[in-house]
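Please study the sequence and the structure before reading each solution.

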Amino acid sequence: QVQLVESGGGLVQTGGSLRLSCAASGGSFSTYAVGWFRQAPGKEREFVAGISWGGVKAPYRDSVKGRATISKDNAKNTVYLQVNSLKPEDTAVYFCAAKLYGVGRTSAASYDYWGQGTQVTVSS
């Protein structure tokens, strides 16, 4: 039973950067796929980036391709999402999710464990 905690969100200006962290306890990211999702007010939860248990990255969401990078630090049992050149449309609550031996699928329904979310607000 893995527990996930996101951190690193905040208020940034357009063009700035953030590195979000997803720290796991009760399990190792070496055996879990991890996905990053976001949800803005009044909108559905959407996939941003993902990485399989074997370290294979899923295709990034088109709107963040070239700006976002997902990575993991096995020693710290933490997965990161670096987003550069932030835009107001990136404003959302960002969630990380995990699935044992998963493949980093883009469907939120395919993940078993979720963090509480961290707010990212990009001002224009």
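Buried means under 20% relative accessible area, exposed means over 50%, and partly exposed lies in between (1.4 Å probe, protein chains only). The model is predicted, so local features need pLDDT of at least 70 and side-chain atom pairs count only at pLDDT 80 or more, while totals for chains, interfaces and linings use all residues. Residues are numbered from 1 along each chain as its sequence is written, and side-chain values use heavy atoms, without hydrogens and water.

**Exercise 1.** Classify the ring pair of F37 and F47.

Rings of Phe, Tyr and Trp (its six-membered ring) pair if their centres lie within 6.5 Å; planes under 30 degrees apart are stacked, over 60 edge-to-face, and the rest tilted. This rule gives 7 aromatic pairs. For F37 and F47 the centres are 5.6 Å apart and the planes stand at 75°, so the pair is edge-to-face. Both residues are buried.

**Exercise 2.** Determine whether Y111 and W114 are buried or partly exposed.

Y111 has 6% relative accessibility and therefore counts as buried. W114 has 27% and therefore counts as partly exposed. Their rings form an edge-to-face pair, 6.4 Å centre to centre with 75° between the planes.

**Exercise 3.** Identify the rings over which R19 and R45 lie.

A charge sits over a ring if NZ of Lys or CZ of Arg is within 6 Å of the ring centre and within 35 degrees of the ring normal. R19 lies over the face of Y80, 4.3 Å from the ring centre. The charged end of R45 is placed over the ring of W114, at 4.2 Å from its centre.
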